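Please keep the model open while reading.

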Amino acid sequence: MEPKQSILTRTWVVASLACVCCILWGSAIPTIKTGYRLLQVDSADTASQIVFAGVRFTLAGLLVLLFTSLKEKKAMLPDRQTLTCAVPVCLAQTFVQYFFFYIGVAHTSGVKGGIITGLGNFIAILMACLLVRNEKMTGRKLAGCILGFAGVVIINMAGGSMDMGFRLTGEGFVLIAQLSYGASTVLINIFSKKVSPVILSGCQFFMGGVLLFIVGILMGGHLDHMSIAGVVLILYLAMVSAVAYTLWSVLLAHNEVSKVAIFGFVNPLCSVVLSALVLGEVSQAFNARSLIALILVCVGIYIVNCKRKK
């Protein structure tokens with residue numbers, strides 16, 4: 001008799017929860033832009049942006065640990081094994097990824113930054129299949145990644161040309177951020193089978209957020225124009241990170257990396273649509289190009305997750 005599979009391995013459950021994560025992440029982009037405006041953080045002030053991110057992720061970690069403790073009716077603090085797993089995850093997912101990402105996007109165009117960011121999901125699947133080898137690379141996975149990435153390219157080519165220039169502090173740093181994201185996805189998939197993915201998520205967020213905050217302060221960053229609206233906005237962003245990344249970690253604990261990571265290609269689509277609705281750029285999101293991108297991403301997801309008939 002085969003062991004009963006967790007409901008979290010069912011494709012429709014993975015799809016539903018992964019899309020919830022992407023919608024939450026998509027809402028973060030316009031919210032962050034609004035936050036910069038409210039807190040008077042200049043778009044070129046990378047140090048203050050890193051401080052902003054540090055506060056956000058530190059609060060996200062505290063929220064995860066607080067909600068888990070309330071649910072279990074006891075203090076859910078990380079043990080030695082969880083801390084050992086959380087250190088490499090926090091360095092890859094929170095600190096390195098966002099440190100290089102914030103600097104990189106400040107020195108490259110939105111088009112190239114968006115396209116390189118779309119590579120993160122592709123990199124995660126390649127690492128899982130070729131480096132860690134905890135799953136096999138198949139033609140279906142490769143085809144799904146290519147279609148998903150094509151959708152990301154199309155959605156990011158909106159009204160902008162892309163030159164072929166490459167700068168280490170621009171495109172190079174964004175690429176380093178995506179390599180770090182790919183590595184963190186594989187690490188979460190491995191470590192979440194050993195420790196609680198929820199406690200792991202909360203712990204790594206808190207440590208990574210504190211590191212970002214300290215580095216941002218040392219770089220000269222500051223948040224001098226805090227207001228009630230700004231506090232509410234940061235709390236919302238912390239909640240977005242706490243819920244979305246924790247759900248993502250739980251899905252990675254029960255599924256292959258490729259089955260979950262392929263849904264990451266939905267994230268840029270959600271970002272474009274929600275940014276258009278919040279920032280009033282409707283014409284840039286609702287057009288034929290967006291529809292084509294959506295179709296490519298959906299087909300890519302289907303190809304990766306469909307079961308080959310015997």
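Contact here means heavy atoms within 4.5 Å. Helices (H or I, at least four residues) are DSSP runs, numbered from the N terminus. The structure is a predicted model, in which local features need pLDDT of at least 70 and side-chain atom pairs count only at pLDDT 80 or more, while totals for chains, interfaces and linings use all residues. Residues are numbered from 1 along each chain as its sequence is written, and side-chain values use heavy atoms, with hydrogens and water left out.

On pLDDT (the predictor's confidence in each residue, from 0 to 100), the chain has a mean of 80, and 85% of its residues reach 70 or more. Among the elements of the chain, the highest mean belongs to α7, at 92, and the lowest to helix α11 (residues 282-285), at 56. Where pLDDT is low, the predicted coordinates should not be read in detail.

Helix α7 covers residues 197-218, 22 residues in total. From first C-alpha to last it reaches 31 Å, close to the expected 32 Å, the expected span being 1.5 Å times one less than the number of residues. Just after α7, Gly220 has a positive phi of about 100 degrees.

Two helix pairs involve α7. Axes are lines fitted to C-alpha atoms, for helices over the stretch in contact, and angles run from 0 to 180 degrees between N-to-C directions. Helix α2 (residues 46-72) packs on α7 at about 155 degrees, with the axes 7 Å apart. The two are therefore roughly antiparallel, a label for angles over 145 degrees; under 35 is roughly parallel, 65 to 115 roughly perpendicular, and the rest oblique. The contact of α2 with α7 comprises 19 nonpolar, seven polar and no charged residues. In this count Ala, Val, Leu, Ile, Met, Phe, Trp, Tyr, Cys and Pro are nonpolar, Asp, Glu, Lys and Arg charged, and the others, Gly among them, polar.

The axes of helix α3 (residues 80-105) and α7 come within 8 Å and cross at roughly 50 degrees, which makes α3 oblique to α7. Their contact has 18 nonpolar, six polar and no charged residues.

Helix α6 (residues 168-191) and helix α8 (residues 228-254) pack at about 60 degrees with axes 8 Å apart, and are therefore oblique. Tyr181, Thr185, Ile188 and Asn189 in α6 meet Trp248, Ser249 and Leu252 in α8. By class, this contact has four nonpolar, three polar and no charged residues.
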